Amino acid sequence: VVECCATRDEYGNPSITADDVLGNNRTENAVMTRCILVEMILSAGYSVGTAAFIMHRSNGSVRRIRQTAADFRLTSRAYRIAEEEATQRCLSLL
């Protein structure tokens, strides 16, 4: 998911890392990546509690991330593109 949402700077460094997604980074790319990751965990059949454990967050924060994902899905074309790309990449790994 991080690879789908990160961009590279002139030195080839990614704009976000897994630590940014699992941490408290609040840049738009990190938040979108976090939303996509939670949605993918939940769509794989895991519970909110399991997603919270994986993401090192509380159940309430995972629910809030889901609401943010729904908001992004309605308002952000970039989010919809990144979500589709991440989904396609995961499906190709199966």
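## Reading helix packing and the core

Author: Start with two helices: α3 and α5 pack at about 110°, and their axes lie 9 Å apart. This is a predicted model.

Reader: Which residues make the contact?

Author: From α3 come Glu-28, Val-31, Met-32, Arg-34, Cys-35, Val-38, Glu-39 and Leu-42. From α5 come Val-62, Ile-65, Arg-66, Thr-68, Ala-69, Phe-72 and Arg-73.

Reader: Take Val-38. What does it touch beyond its sequence neighbours?

Author: Set aside residues up to four places away in sequence. Val-38 then touches Met-55, Val-62, Ile-65 and Arg-66.

Reader: Now the core. Where do nonpolar side chains tend to go?

Author: In soluble globular proteins they tend to be buried together. The largest nonpolar core here has 24 residues. Cys-35, Ile-36, Val-38, Val-62 and Tyr-79 touch the most other members. At least two residues each come from α1, α3 (28-43), α4 (48-55), α5 and α6 (77-93). Helix α3 gives the largest share, eight residues.

Reader: Is Leu-42 buried or exposed?

Author: The cut-off for buried is under 20% relative accessible area. Leu-42 has 14%, so it counts as buried. Leu-42 sits in helix α3. Leaving out neighbours within four places, Leu-42 contacts Ser-47, Val-48, Ala-51 and Arg-66.

Reader: How far is Leu-42 from Arg-8?

Author: In sequence, 34 residues. In space, 28 Å from C-alpha to C-alpha.

Reader: What about the cysteines? How many disulfides are there?

Author: The test is a pair of cysteine sulfur atoms within 2.5 Å. By that rule the count is zero. Cys-35 and Cys-90 can still be read by accessibility. Cys-35 is at 1%, so it is buried. Cys-90 is at 30%, so it is partly exposed.

Reader: How confident is the predictor, and which elements have the lowest and highest mean pLDDT?

Author: The chain has a mean pLDDT of 91, and 99% of its residues reach 70 or more. Among its elements, helix α1 (residues 2-5) has the lowest mean, 79. Helix α5 (residues 59-75) has the highest, 97.

Notes. Residues numbered from 1 in each chain as written. Predicted model: local features only at pLDDT ≥ 70, side-chain atom pairs only at ≥ 80, totals over all residues. Heavy atoms only, no water. Buried < 20%, exposed > 50% of the residue type's maximum accessible area, 1.4 Å probe, protein only. pLDDT = per-residue confidence, 0-100. Helix = DSSP H or I, 4+ residues; strand = E, 2+ residues; numbered from the N terminus. Core = buried A, V, L, I, M, F, W, Y, C linked by side-chain atoms within 4.5 Å. Contact = heavy atoms within 4.5 Å. Axes fitted to C-alpha atoms, helices over the stretch in contact; angles between N-to-C directions.
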